[in-house]
Amino acid sequence: LVPISIVRRKKQGFTPPVLEWIIDEKYKETLIQGISLVKSFSPELADLYTEKYMRGESKRDRLYLIRLFMFINWHKKHISE
């Protein structure tokens with residue numbers, strides 16, 4: 001059922017649009033909570049994340065937010081339990 005041209009082609013990667021997803025409204029509260037958590041042990045780092053969150057326009061800003069999001073989830077799983 002699959003065309004032979006697809007069956008025989010080389011493997012291709014897939015890059016999800018994570019940079020666009022991270023600024024979605026549904027993650028807003030999670031990121032704000034994460035900034036508060038970071039502030040409890042590093043006010044300077046929290047200020048940096050706040051700046052990146054407020055701006056959120058460049059690829060670099062969004063990469064910082066992805067890292068914050070991953071840290072929040074790691075913290076919930078391994079520390080907050």
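1. A word to start with: a residue is called buried here when under 20% of its relative area is accessible, and exposed when that value is over 50%. Please also keep in mind that this is a predicted model.

2. Let's begin with helix α3, which covers residues 28–39. Its buried residues are Thr-30, Leu-31, Gly-34, Ile-35 and Val-38. Looking down the axis of α3, you will find these buried residues within an arc of 140°, so they line one face of the helix. Among the elements covering them are α4 and α5.

3. How does the length of α3 compare with what it should span? The helix has 12 residues, which at 1.5 Å a residue should span 16 Å, and the C-alpha atoms at its ends are 17 Å apart, which agrees.

4. Next comes α4, residues 43–55. This helix has 13 residues and reaches 18 Å from its first C-alpha to its last, close to the expected 18 Å. Which of its residues are buried? They are Ala-46, Tyr-49 and Lys-52. The three cover an arc of only 125° around the axis, which puts them on the same side of α4. Glu-44 and Met-54, on the other side of α4, are exposed.

5. What do the buried residues of α4 pack against? Their partners are α3 and α5. So that you can follow the chain onward, look just after α4: Gly-56 takes a positive phi of about 50° there.

6. Now for the aromatic rings. The structure holds four aromatic pairs. In one of them, the ring centres of Phe-41 and Phe-71 are 6.1 Å apart and the planes stand at 70°; angles over 60 count as edge-to-face, so this pair is edge-to-face. Phe-41 sits in the loop between α3 and α4, while Phe-71 belongs to helix α5 (residues 59–78), so the pair ties together parts that are 30 residues apart in sequence.

Technical notes. Residues are numbered from 1 along each chain as its sequence is written. This is a predicted model: local features need pLDDT of at least 70, side-chain atom pairs count only at pLDDT 80 or more; totals for chains, interfaces and linings use all residues. Side-chain values use heavy atoms; hydrogens and water are left out. Rings of Phe, Tyr and Trp (its six-membered ring) pair if their centres lie within 6.5 Å; planes under 30 degrees apart count as stacked, over 60 as edge-to-face and the rest as tilted. Helices (H or I, at least four residues) and strands (E, at least two) are DSSP runs, numbered from the N terminus. The expected span of a helix is 1.5 Å times one less than its number of residues. Buried means under 20% relative accessible area, exposed over 50%, partly exposed in between (1.4 Å probe, protein chains only). The arc is that of the directions from the helix axis to the C-beta atoms. Contact means heavy atoms within 4.5 Å.
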